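Please read the points below with the sequence and the model open beside you.

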Amino acid sequence: MSFGARLAAFAHGVWRGKGIVSTLLLPLSWLTALAVERKRRRYRDSPGLAWRAPTPVIVVGNIFIGGTGKTPVVIALAQALRRHGWRPGVISRGYGIETGAEPRVAQGMPDPALVGDEPALIARAAATPIAVHPRRKLAAQALLQACPEVDVLISDDGLQHLELARDIEIVVQDERGAGNGRLLPAGPLREPAERLSSVDYLVTQQLQLSEAQDAVRAEMRPLSIGMCMRPVRVVHLISGEEMDWDAWMEKHAGQRPAAAAAIGNPARFFDMLRRSGLAPDPTLPLPDHYGYRESPFDGFGAAPILITPKDAVKCQHLADDRLWSVQTETVFSDPGWPDSVHQRLLGLRSPH
């Protein structure tokens, strides 16, 4: 395990409870709370500080630091809105790259070294134009100028980026919920947990959907939806060969494939594989947005290595015959929830 992965694992271990390390960090969390409240009050008292796009804006974010599953929600939402006749565009910070002073706009199969791994994956999977810049306002303006056909903007992350006015807020969390309930650095939260009561949708990623829990969630507000990821096919990075999951499992039944993931929560990928009938060994968790400038797989054997699509967009140059990308489907407890987003957007068609 890399140093970055070990450090992240240590931090998340601290944040699971309210032990001595977390408690010693509490004074710093109080400063975080003060800064968060001052920022929110500033934009609340002076709404003109936030830039209002000429199109509706949907923010898909979280209050829990690290990966909670925003990217598959952004992709699923963009695909659903496209089916409803919308022409979505996606803006992102572009984590893991130096964007420079000017936003970068791309479509089709963009280079992850130029736009970041997640935006590159979204552009490919959702067939939507993307723009990246740390200031979402500048990314949005550049995207709308380059792609005037875009009629709804989806911000990948940016819940706390209040400079960009938004019409719909979607928060994605996972089984960790609010952790120990404390703000950074004593806990994993960017904002107080009470912030969840003000958003429009709360999507919770789980290893397996629970019908009983989802029946209760449907009556809650914000509208709460369960989500899980299931492997559906596997793609060989070098040849492009595709196999459905069951066929691939049968073909490699006599082997012990390895698995690697450079995502916010690598354990979730490994757990999904185990729940789907595979026992990967070894498993290699890597820091989120790991660049793959050099191969981390030199010590692995000859067996196949399963990676995520987010990793796959950065691994092509490795020319490693062992690498297979696991393509997943996003399953929601309420498959029709994007329809309600569509209906809300229809109500926003009139000029702001």
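In which loop is the place of Pro282? Pro282 sits in the loop between α10 (266-275) and β11 (283-285), where helices (H or I, at least four residues) and strands (E, at least two) are DSSP runs numbered from the N terminus.

1. On the basis of the model. This is a predicted model, in which local features need pLDDT of at least 70 and side-chain atom pairs count only at pLDDT 80 or more, while totals for chains, interfaces and linings use all residues. Residues are numbered from 1 along each chain as its sequence is written, and side-chain values use heavy atoms, with hydrogens and water left out.

2. On the backbone. Most residues other than glycine have a negative phi, and most peptide bonds are trans. The bond that joins Asp281 and Pro282 is cis, with omega about 5°, and a cis peptide bond also joins Leu184 and Pro185, where omega is about 0°. Pro185 belongs to the loop between β6 and β7. As for phi, His289 has a positive value of about 65° although it is not a glycine, and this residue is found in the loop between β11 and β12 (305-307). Ala319, likewise a residue other than glycine, has a positive phi near 50°, and its place is in the loop between α11 (309-315) and β13 (323-332). With a relative accessibility of 54%, Ala319 counts as exposed, a term that stands for over 50% relative accessible area, whereas buried means under 20% and partly exposed lies in between (1.4 Å probe, protein chains only).

3. On strand β6. Strand β6 (residues 168-173) is mostly covered, since 6 of its 6 residues are buried. Ile168, Ile170 and Val172 point one way from the strand, while Glu169, Val171 and Gln173 point the other way, and all are buried. Two strands are said to pair if DSSP finds at least two bridges between them. Strand β1 (residues 57-61) runs parallel to β6 and is joined to it by 4 bridges, with Val59 standing opposite Glu169. Strand β7 (residues 201-205) also pairs with β6 in the parallel sense, over 4 bridges, and here Val172 stands opposite Val203.

4. On Val90. This residue lies in strand β2 (residues 88-92) and is buried, with a relative accessible area of 2%. Leaving aside neighbours within four places in sequence, Val90 is in contact (heavy atoms within 4.5 Å) with several residues, among them Val74, Ile122, Leu143 and Ile154.

5. On the aromatic rings. A pair of aromatic rings is described by the distance of the centres and the angle of the planes. Rings of Phe, Tyr and Trp (its six-membered ring) pair if their centres lie within 6.5 Å, and planes under 30 degrees apart count as stacked, over 60 as edge-to-face and the rest as tilted. By this rule there are 8 aromatic pairs. One of them is edge-to-face and consists of Trp248 and Trp324, at 5.9 Å centre to centre and 65° between the planes. This pair links distant parts of the chain, as Trp248 is in helix α9 (residues 245-251) and Trp324 in strand β13, 76 residues apart. Trp248 and Trp324 are both buried. The rings of Tyr290 and Tyr292 have centres 4.9 Å apart and planes at 85°, so this pair too is edge-to-face. Tyr290 is partly exposed at 26%, whereas Tyr292, at 0%, is buried. Together with Phe297 and Phe300, these two tyrosines form one aromatic cluster.

6. On the nonpolar cores. In soluble globular proteins, nonpolar side chains tend to be buried together. A nonpolar core is here a set of buried Ala, Val, Leu, Ile, Met, Phe, Trp, Tyr and Cys residues joined through side-chain atoms within 4.5 Å. The largest core has 35 residues, and those that touch the most other members include Ile58, Leu77, Ile170 and Trp337. Helix α4 (residues 70-83) gives this core its largest share, 7 residues. Not counting residues up to four places away in sequence, Leu77 touches Ile58, Val60, Ile154, Ile170, Trp337, Pro338 and Val341. A second, separate core of 23 residues includes Val59, Ala139, Leu143 and Leu144.
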